[in-house]
Amino acid sequence: MPHLRSLLPAIVFTIAYAVVSIGVTNSYYQLVLTLVPVWAVFGLSWNLLSGYTGLISFGHAAFFGIGAYTTALGQIYFGLSPWLLIPVAAMLGGIAGLLIGFPTFRLQGHYFALAMLAYPLAILYVFEWLGFQEVTLPMKRDAPIAFMQFGDPRVYTLVALAIMLATIVLTRMIEQSRFGMALLAIKQNEAAAEAAGINTLAWKLRAITLSGAIAAAIGAFYAQVLLVVTPQSVFGMLVSAQALTVAMFGGVGTVWGPVIGSVILIPLAEILHAEAGDRFPGIQGVIFGFAIICVILVAPEGLFWKLRDLLRKRFARSTPQTTAAPDVTQPVAATVTPLTVARKRAATSEVVLEVRNLSRSFGGLKAVQDVNFKLHQNEILGIIGPNGAGKTTLFNLLNGFLRPDQGEVLIGGRDMSGQRPHTICEAGIGRTFQVMRPFLRMSILDNVVVGAYVRAKDEDEARKLAADAIARVGLSDVADRVAGELSTKELRLMELARALAGQPRILLLDETLAGLGHGEADEVVAVIQQLARDGITIAIIEHTMQAMVRLVDRFVVLDHGAVITEGEPEAVTRDNRVIEAYLGKKWVAHAAH
Amino acid sequence: MNKNTKGRNAAGMTRRTVLSGAAAVGLSGLARAQQPAEVKVGLIVPLSGIYTRPGQVMKMGAEMGIDHINKQGGIKALGGARMKLVVIDCGDTTEKAKNAAQRMVAQETDLVAATGAYLSSFTLAVTEVTERAELPVLTLSYSDLLTERGFKYIFQTAAPASRQSELGLPTLMKLAESASGKRPKTVAMLMDNTATSIATAKALKEKLFAQEGLQLVVEEVWTPPLSDATPLIQKVRSARPDLLLFMPNAVSDAKLGLEKINEFGLGQGKIPTVSFSITIAEPDMLQSVSTEAVQGIMTIVANWGSKGQEELIAELKAKYKEPWATQNVVSTYGDMWLMKEALEKAGKADRQAVAQAFRTMDAGPSKYFPGGQLKFDEKGRRVGAGVVIVQWQNGVPVTVYPPELAQATPFWPKKS
């Protein structure tokens, strides 16, 4: 349950809105007042899927229309009350979400958006074919309340407001739970989320089911307001667009976005129709479109975020913050050298991860061929090789992003090759990425919490694990700042913390030192060494050897997908094959022996 | 010659103007106290979006109607009160139409009646609002559904869709028989899947084809917009029916179909072609197809400019540069006179009284609507509402049936 305090603005807004609308007696203004929460809820349902996961849906009209036709046909053919039909519509919408989501989530990015576009258009034709071109709700003169046909239009507004408040509360609950975090993680980087132990498909299906249910419920209510249902008016392109417009105008990924968008745009469109449209028919569309373009140019992420950024800036200026970061990492950095003692011991201990004959090709390209190596308990293994040697592919095979063509990956003696990434994460393998994609608007703590869910039973435990992980990488002082304000080094450390939050036994670090200055790299190296001392086994990919030589116990060198040599740093750096792989044949002669 | 009088006149004028002005104000104030000097009626039609054009044409009809009524002395029962038109744009979606209707009843509280809203989906939404506001609405939309909801404030002047084909097809068969000497035996039907076409097709297939001894040999349905008419027309060519029912509801679809019919050598009467909507006879058609391509094509519609309306058609041509009067003009023009009739009968500018006047009206044969009388049944359908058959003749769609309204004699395209 979200804290009451976080819901206070929503409750105050709803009550204020209700008070205002009760005072309005003009039935036309009242209709506009009813439509505002209707489209706000539709925007919220879109936001629940697309705003939080970043998977843009152009087809939310599919759910909306299913809801609308449920109330219409349910009343005509079965004589049921809309009070009953709206929940039924929600259920059908949820089922539709599941059915649509399951095949469509195989697609990503634009392909997902375009596939979603097809559903309402296809359903539209089905309803036309079924002969439901024009359906009107039967007028119930004898039992208006039971059939939601209120004589007083204010009641419609109140019902719409109740649905809106319920949707806001639901969205808030999701936002503040593991569910919301999982969706946000999917948005920032689906691969990273999966690697952090999140079953992305399951969460996405839950999101589209819920989103579909809400959209269908509000579509059902909308039919009750409009009283006439045509395929175009509920499945049409304009309907899907309406959800996008209000959410994107107001702000994506926040509960307030669709509400703000709806409160501004719906009355604006109506005023334009009423005032300008009667004098210059058609001008209303031009002005409306122009206004939206202007706002999107000025505030590309929506009004809410723009306003929040402005407020933050003003707040920050009035209370200048002292950036206190460096003193945290300093003491850790001082302990770089003593680790040399531990090195020799590590390579001889128990094997925690073993790779046997691992191969993977992409068409004719053998990205990884017949790779064998062992990772010992508490060891730091460096996997190096020139660009394109197959290092990242190897990691992707280890943590389940790719299926090997042949070979085995034994984790703790058990073959885990071909398992889904979140399963492998559960088995104790954490991973970071070469390209960072943090969620810039979230605090560091929230960014890290995502990684903790794989181990945590509840929210509190997840927060605790995340705080611990942040402390281990030395970011405790800045834990509440949003990720967008961090330096590259801090982002690298934050990524490391996210991997740590899941309490892995083995960490796979993919070019963690990339893009760091000399001093910064040392600080990160110090943190990694500390982790090794704490008992975590680490495999790290890097193509610059300099920092690695001081960090690792052992090297595995890859070139053209195959292991060319392995051994201790001193030996490997002198190996001719390594020099050749890095610098080309002619440099072998120049190399000092 | 005016030089002498000018100065004197100027001074005199001032005094006289002031006096007469004061008198006028006093008089009109008096008149207002007894009866409203103005009676407002609404026109709610699409004036923005893709249905703008028919909306504009309806507005022309309404404006001419109001103008003529006021010129002949306004509403006599209300002391010569003038009618005033309130125009409301109902946009291009069902939601916009509903919102516009709500605005109309909330903002224009002194309306006594209204007419609209072109597309039957819009009319459905508009009348859901006006029914609750108890505002009588006349409509030229002909979906059966409009007057099947048990509403008390809707009055449909056109024959409903199912009735139109019932009235039209037998006439068409007679026409074919008398002109060509033999009855058509086979028929092909190409239609879009809009509500109107579906309703028409239902009546045809369930009853009329059998009744007229017609065998349906080709039936194809498309969803507008039609992208390619080739497969449709190919089927027609290989079946060679005696009659082709081609039922588009968008000018672009009609154009594609007709072009293809001509391209396949089936045009100009090789296969007599009949439609069931005004689309195929809209002035826009001539911008996309040649007069030869449409020659002889017939359509069965609820209303059209016809014999006895020559002055109206001439005025329409002069004032608005419209080449001929379609259903939209004539019906909306007629609606204004219907409203006047109801106001005269009601004797007061009150929507309840006007609605009651529509319900009890029995004003004999109608001048601006084909067939029947100015009388509505309990559903709100005009009693005896008929259809007219329009035929393209030399680049103009003219009324050819019924004979009393015909502007020209029909010819049946001969099968070669």
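Helix H21 of chain A is mostly covered, with 12 of its 14 residues buried (a residue is buried if 20 or more other C-beta atoms, placed from the backbone, lie within 10 Å of its own). This is a predicted model, where local features need pLDDT of at least 70, side-chain atom pairs count only at pLDDT 80 or more, and totals for chains, interfaces and linings use all residues. Residues are numbered from 1 along each chain as its sequence is written, while chains are lettered from A and ligands numbered from 1 in the order in which they are written.

H21(A) covers residues 488-501. From first C-alpha to last it reaches 20 Å, close to the 20 Å expected at 1.5 Å a residue (the expected span is 1.5 Å times one less than the number of residues). Its buried residues include A:Leu491, A:Met494 and A:Ala497. The buried residues pack against strands E8 (429-431) and E9 (506-510), and against helices H19, H20 and H22 (518-533) of chain A. Just after H21(A), A:Gln503 takes a positive phi of about 50°.

Two of those neighbours also meet each other. The axes of H19(A) (residues 444-452) and H20(A) (residues 459-473) come within 8 Å and cross at roughly 115°. Axes here are lines fitted to C-alpha atoms over the stretch in contact, with angles from 0 to 180 degrees between N-to-C directions. H19(A) is therefore roughly perpendicular to H20(A) (the class for 65 to 115 degrees). The crossing is right-handed (the near helix is turned clockwise from the far one by less than a right angle). From H19(A), residues including A:Ile444 and A:Val448 meet residues of H20(A), among them A:Leu465 and A:Ile470. By class, this contact has 11 nonpolar, no polar and 1 charged residues (Ala, Val, Leu, Ile, Met, Phe, Trp, Tyr, Cys and Pro are nonpolar; Asp, Glu, Lys and Arg are charged; the others, Gly among them, are polar).

Now step back to the whole chain. Chain A has 26 helices and 12 strands (DSSP runs of at least four residues, H or I, and at least two, E, numbered from the N terminus). Of its 593 residues, 49% count as buried. The C-alpha trace spans about 95 × 60 × 45 Å along its principal axes.

In all, 27 residues of chain A are in contact with 33 residues of chain B (C-beta atoms, placed from the backbone, within 7 Å). H12(A) gives the most to chain A's side, with 5 residues.

Key: Two residues are in contact if their C-beta atoms, placed from the backbone, lie within 7 Å. Angles under 35 degrees count as roughly parallel, over 145 as roughly antiparallel, 65 to 115 as roughly perpendicular and the rest as oblique.
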